[in-house]
Amino acid sequence: MNARDIILAPVITEKAVQVIGEKKYTFRVAKTANKIEIAKAAEEIFGVKVLKVNTVSMKGAKRRTGRFEGYTSDWKKAIITLTPDSKTIEFFDGMF
């Protein structure tokens, strides 16, 4: 798997933005990716040093459109913690 196929998109929520100061960054990742692959992908894409990776499998939310209802897709998110001496990820610098 390519590094860009593992890390799909940043997650920008109120809770995710609060922990950026602690060098914790949240991303939407491929459902089949494990923690080791996620850490290597983050180091390759952003040029940072990863301390640890926490993953959460998110269940799809129930949605309705008129009389039809269904669920959004299940997805996986990863909270990537960087080492204290690592540089920050530039994309998130303007968030707070």
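I take two strands as paired if DSSP finds at least two bridges between them. The model I looked at is predicted.

**Entry 1**

I began with strand β4, residues 62-65, and strand β5, residues 68-71. I found that they pair in the antiparallel sense, over four bridges. I then looked up the partner of Lys62 and found its bridge to Tyr71 in β5. Two residues lie between the strands of this hairpin.

**Entry 2: the chain as a whole**

I went through the elements next and noted three helices and six strands in the protein chain. Read from the N terminus on, their order is α-β-α-β-α-β-β-β-β. For dimensions, I have the C-alpha trace spanning about 55 × 30 × 20 Å along its principal axes. The protein chain has 96 residues, and 32% of them count as buried.

**Entry 3: the core**

In soluble globular proteins, nonpolar side chains tend to be buried together. I looked for such a set here, and the largest nonpolar core has 22 residues. The residues with the most contacts inside this core are Ile7, Phe27, Ile38, Val50, Ile80 and Ile89. I listed the elements that give two or more residues to the core: α1 (3-6), β2 (24-29), α3 (35-46), β3 (50-58) and β6 (75-82). The largest share is from α3, which supplies five residues.

**Entry 4: Ser86**

Where does Ser86 sit? I placed Ser86 in the segment after β6. Is Ser86 buried or exposed? Its relative accessibility is 6%, and buried means under 20%, so I put Ser86 down as buried.

What does Ser86 touch, not counting residues up to four places away in sequence? I noted Lys23, Val48 and Lys49. For Lys49 I also looked up a distance: its backbone nitrogen lies 3.1 Å from a polar atom of the Ser86 side chain.

Methods:
Residues numbered from 1 in each chain as written. Predicted model: local features only at pLDDT ≥ 70, side-chain atom pairs only at ≥ 80, totals over all residues. Heavy atoms only, no water. Core = buried A, V, L, I, M, F, W, Y, C linked by side-chain atoms within 4.5 Å. Buried < 20%, exposed > 50% of the residue type's maximum accessible area, 1.4 Å probe, protein only. Polar contact = N/O pair within 3.5 Å; in protein donor to acceptor, adjacent residues only side chain to side chain. Contact = heavy atoms within 4.5 Å.
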